[in-house]
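Here is a short briefing for a first look at this model. Keep the sequence and the 3D view side by side as you read.

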Amino acid sequence: MHLRTIIDGEVRQDETVGDLLFDCRYLISYLSQGTTLQKGSVIMTGTPGGVGAGFNPPKWLVPGTQMDVHISQIGTLRNNVVYA
């Protein structure tokens, strides 16, 4: 499956799930040890070092930022960053 993360229209990640440090089967198995994963559960693993930290200057998520995460064969999750 192909994974793409888009922040305010800018592609920040564009790779396959095979590039993950731990494969999906391992992540689900590990997380299931401490909680029951329900249908529709979203697993957010983060990124090595943070995608925004790699820019000069860093590009952090701030209120108003729109983040789309698309995984082929599954769909797109769209979130807007808000200050709570």
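K59 is partly exposed, at 33% relative accessibility. Partly exposed lies between buried, under 20% relative accessible area, and exposed, over 50%, with a 1.4 Å probe and protein chains only. The model is predicted: local features need pLDDT of at least 70, side-chain atom pairs count only at pLDDT 80 or more, and totals for chains, interfaces and linings use all residues. Residues are numbered from 1 along each chain as its sequence is written, and side-chain values use heavy atoms, leaving out hydrogens and water.

**Salt bridges around K59**
- K59 forms a salt bridge with E10, with the closest N and O atoms 3.2 Å apart. The term means a side-chain nitrogen of Lys or Arg within 4 Å of a carboxyl oxygen of Asp or Glu.
- E10 lies in strand 2 and K59 in the loop between helix 1 and strand 3, so the pair ties together parts 49 residues apart in sequence. Helices (H or I, at least four residues) and strands (E, at least two) are DSSP runs, numbered from the N terminus.
- E10 is partly exposed, at 27% relative accessible area.
- E10 also meets R12 in a salt bridge (3.5 Å, N to O).
- E10, R12 and K59 are linked in a network of salt bridges.

**R12**
- R12 lies in strand 2.
- R12 counts as buried, because its relative accessibility is 18%.
- Beyond its neighbours within four places in sequence, R12 is in contact (heavy atoms within 4.5 Å) with T5, I7, V51, G52, F55 and K59.

**The D14–R4 pair**
- The whole structure holds 4 salt bridges.
- One joins the side chains of D14 and R4 (3.1 Å, N to O).
- D14 lies in strand 2 and R4 in strand 1 (residues 2-7), so this pair ties together parts 10 residues apart in sequence.
- D14 is partly exposed, at 41% relative accessibility. R4 is partly exposed too, with a relative accessible area of 31%.

- Four strands form an open sheet in the order 2-1-3-4, with antiparallel pairing. Strands pair if DSSP finds at least two bridges between them.
- Strand 2 (10-16) and strand 4 are the edge strands, each pairing on one side only.
- Strand 3 (residues 66-71) and strand 4 (residues 75-80) run antiparallel, joined by 6 bridges.
- These two strands form a hairpin with 3 residues between them. In the turn, Q73 has a positive phi of about 70°.
- M67 stands opposite N79, and V69 stands opposite L77.
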